[in-house]
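Trainee: Please put the model up, and then let us go through the pocket and the helix pair.

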Amino acid sequence: MAMTVRFTEDETEALRAAAEAEGISMNDYARRAVREQIARRAHKARVAASAEAGAERYAEALHRLGTL
């Protein structure tokens with residue numbers, strides 16, 4: 001799917017420099033950045049869910065330790 005993204009001049013220059021430093025096209029760099037952001041967001045959701053499950057699972061012990 002094709003998509004148009006508009007960047008400011010500063011953003012474009014930063015993208016150009018970053019892509020050049022990686023030896024890839026601006027398009028590939030932008031796509032990589034989007035994929036990484038999506039993965040980071042999914043990871044944060046998994047960590048939050050795991051923390052919540054752990055808090056529920058160990059609620060009694062945490063309460064006894066005075067951390068709840």
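**Pocket and helix pair**

Mentor: M3, T4, V5, F7, L15, M26, N27, A30, R31, A33 and V34 line the largest pocket (an open set of points on a 1 Å grid over the protein atoms alone, where a 1.4 Å probe fits, with protein on both sides within 12 Å along at least five of seven lines; lining residues have an atom within 4 Å of a point). This is a predicted model, in which local features need pLDDT of at least 70, side-chain atom pairs count only at pLDDT 80 or more, and totals for chains, interfaces and linings use all residues. Residues are numbered from 1 along each chain as its sequence is written, and side-chain values use heavy atoms, with hydrogens and water left out.

Trainee: Which helix gives the largest share of the lining of the largest pocket?

Mentor: Helices here are DSSP runs (H or I, at least four residues), numbered from the N terminus. The largest share, 6 residues, comes from residues 26–57, helix α2.

Trainee: How are α1 and α2 oriented to each other?

Mentor: Axes are lines fitted to C-alpha atoms over the stretch in contact, with angles from 0 to 180 degrees between N-to-C directions. The axes of α1 (residues 9–22) and α2 come within 8 Å and cross at roughly 95°. Since 65 to 115 degrees is the class that applies, α1 is therefore to α2 roughly perpendicular.

Trainee: Which residue just after α1 takes a positive phi?

Mentor: The phi is about 75°. The residue is G23.

Note on methods:
Helices (H or I, at least four residues) and strands (E, at least two) are DSSP runs, numbered from the N terminus. Angles under 35 degrees count as roughly parallel, over 145 as roughly antiparallel, 65 to 115 as roughly perpendicular and the rest as oblique.
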